[in-house]
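User: I have a chain open and want to learn my way around it. Can we go through it in short steps?
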Amino acid sequence: MMMTTTPIGPMAASFDYADALSKSILFFEGQRSGKLPSTQRITWRKDSGLQDGSDIGMDLVGGYYDAGDNVKFSFPMAFTVATLAWSVIEFGQLMGSEQQNALEAIRWGTDYLLKATSVPDVVVGVVGDPNADHNCWERPEDMDTPRTTYVVNKTSPGSEVSAEIAAALAASSIAFQGSDAKYSKLLLDRAKQVFDFADQFQGSYNSSIPHGACPFYCDFSGYVDELLWGAAWLHKATNDAYYWNYLQRNLKHLETRDIDGNPFEGAGINEFGWDSKTAGINVLISQRVMKDPKNGNPFILNADQFVCSILPDSPTVKSVSYSPGGLIFKAGGSNLQHATALSFLLIVYARYMIDAKKVVRCGDFVAQPDKLIEVAKGQTDYILGKNPLGMSYMVGYGQKFPQKIHHRGSTIPSIVAHPKFLGCHGGDLYFKSQKPDMNQLTGAIIGGPAKDDSFENSRYNVPQSEPTTYMNSPFVGVLAYFKASV
């Protein structure tokens, strides 16, 4: 199932993409929760959350903290794992020795997601009281805020988080096929089970576990996209006609109404991120139908429209804007999540286009695959330092990078350097400090600059300075591609 990648045309080597790839994967070790292994490479991080799940009699030790806090949100964590797995499926053969590190990063997530779905018809949505956690600035190793477990079930469903986990497990099952067939089968079997639960007991976790889901990861776009995203990955993993028919039957319902049943205008077919999966669904399915457009025309039309909405030269309506320095922008915070995720989709779609000998027509403008790659490369190089400030937005990469990020573990001395317990507000003085971070979270991509290319190197500016796992995960694939293309 792994694809062989053919780089598109010669490209000038301006950055060390191999170094950036290594660091982008290393970052995930800094986000680990649980009992850390002896192979842990970010050594200032230590064990944390070792009693997670005990409040409901489950073992929920492990997984990832989503960002600069100490909460485990299954919804964005599963998206992180799904896009990491997709990166390996598409580009794993180009990663060299880093492929094994990428698989370890996936496994750290899937091991947890297996625990979170170990009770039939129950899915763990969140571990840790988000509001209590966000009111404190303390190391994960010290955290003493409530580790409340929030679950969805038959009577209080959460289709978006459940189907997202199904997608992550199905995608990961493909990623592990060549190296661990037994684990791959375990992941796929669980993915089917969790998808059935998500589909049979439909409802949003916004309503079922509001204090866990909102306001940090409310599902704004509805859960139909996650159901189709899960079905798309299960179809890719199994080639079972059931999932293909599910996609065909339910495509018309995608993103037409929001979570409250009102007509939905905020996402549509051009979005891809932890909330809305629509563009990703269309690109993923397009690989199957591109050589026979009549077999799946809506997916191709939607994917083409997505591409046209991104390309600067396209005369059609745009779903993004560009900063003066050339960075993609969308409304909301943590903007680099869009630059990394959309770049990933552009590269993947370009490769499918080459295989099918296809172009994208945007009105009078005809886009060849290399145009999509060119746009993705521009975003990649901007993130790594080709921007008006000459600054890398990946911590530890290049000569100039963010030194004051919004991340608790990075800011506060490690327990090796400062063994004494630091409680809820014990880290406040380090947060307020103008000094660089105590610990370098190597490989972390932060929210990034403002729309005018300016950047405030401040922990107070959360949208600009906080890293997230789902900014890095699709960028792993992007960097693997450019590592092999220059």
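User: What is Val-194 in contact with, leaving aside its neighbours within four places in sequence?
Analyst: Val-194 is in contact with Thr-117, Val-123, Ser-162 and Ala-166. Contact means heavy atoms within 4.5 Å. This is a predicted model, where local features need pLDDT of at least 70, side-chain atom pairs count only at pLDDT 80 or more, and totals for chains, interfaces and linings use all residues. Residues are numbered from 1 along each chain as its sequence is written, and side-chain values use heavy atoms, with hydrogens and water left out.

User: Where is the place of Val-194?
Analyst: Val-194 sits in helix 6. Helices (H or I, at least four residues) and strands (E, at least two) are DSSP runs, numbered from the N terminus.

User: Is Val-194 buried or exposed?
Analyst: Val-194 counts as buried, at 3% relative accessibility. Buried means under 20% relative accessible area, exposed means over 50%, and partly exposed is in between (1.4 Å probe, protein chains only).

User: How many Å apart in space are Val-194 and Ile-165, C-alpha to C-alpha?
Analyst: Val-194 and Ile-165 are 7.5 Å apart, C-alpha to C-alpha. In sequence they are 29 residues apart.

User: At what angle do helix 6 and helix 9 pack?
Analyst: Helix 6 (residues 181-200) and helix 9 (residues 224-238) pack at about 150°. Their axes are 11 Å apart. Axes are lines fitted to C-alpha atoms, for helices over the stretch in contact, and angles run from 0 to 180 degrees between N-to-C directions. Helix 6 and helix 9 are therefore roughly antiparallel. Angles under 35 degrees count as roughly parallel, over 145 as roughly antiparallel, 65 to 115 as roughly perpendicular and the rest as oblique.

User: Which residues in helix 6 and helix 9 meet?
Analyst: From helix 6, they are Leu-188, Ala-191, Lys-192, Phe-195, Ala-198 and Asp-199. From helix 9, they are Leu-227, Gly-230, Ala-231, Leu-234, Ala-237 and Thr-238. By class, this contact has 8 nonpolar, 2 polar and 2 charged residues. Ala, Val, Leu, Ile, Met, Phe, Trp, Tyr, Cys and Pro count as nonpolar, Asp, Glu, Lys and Arg as charged, and the others, Gly among them, as polar.

User: OK, another pair. How do helix 13 and helix 18 pack?
Analyst: Helix 13 (residues 336-356) and helix 18 (residues 469-485) pack at an angle of about 40°, with axes 8 Å apart. That makes helix 13 oblique to helix 18. The contact of helix 13 with helix 18 has 11 nonpolar, 4 polar and 1 charged residues. Among the residues that meet are Phe-344 and Ile-347 in helix 13, with Phe-475 and Tyr-481 in helix 18.

User: What is the phi of Lys-357?
Analyst: Phi of Lys-357 is near 55°, a positive value in a residue other than glycine. Most residues other than glycine have a negative phi, and most peptide bonds are trans. Lys-357 is found in the loop between helix 13 and strand 6 (360-362). Lys-357 is exposed, with a relative accessible area of 77%.

User: And Asp-453: buried or exposed?
Analyst: Asp-453 counts as buried, at 4% relative accessibility. Asp-453 also has a positive phi, about 75°, although it is not a glycine. Asp-453 lies in the loop between helix 16 (428-432) and helix 17 (462-465).

User: What about Tyr-460, where is that found?
Analyst: Tyr-460 is in the loop between helix 16 and helix 17. Tyr-460 counts as exposed, at 51% relative accessibility. Tyr-460 touches Phe-431 and Lys-432, not counting residues up to four places away in sequence.

User: Is the peptide bond from Cys-214 to Pro-215 cis or trans?
Analyst: The bond from Cys-214 to Pro-215 is cis, with omega near 5°. Pro-215 lies in the loop between helix 8 (210-213) and helix 9.

User: Now the whole chain. How many helices and strands does the protein chain come to?
Analyst: The protein chain comes to 18 helices and 7 strands. Of its 486 residues, 64% count as buried. The C-alpha atoms fill a box of roughly 65 × 50 × 45 Å, taken along the principal axes.
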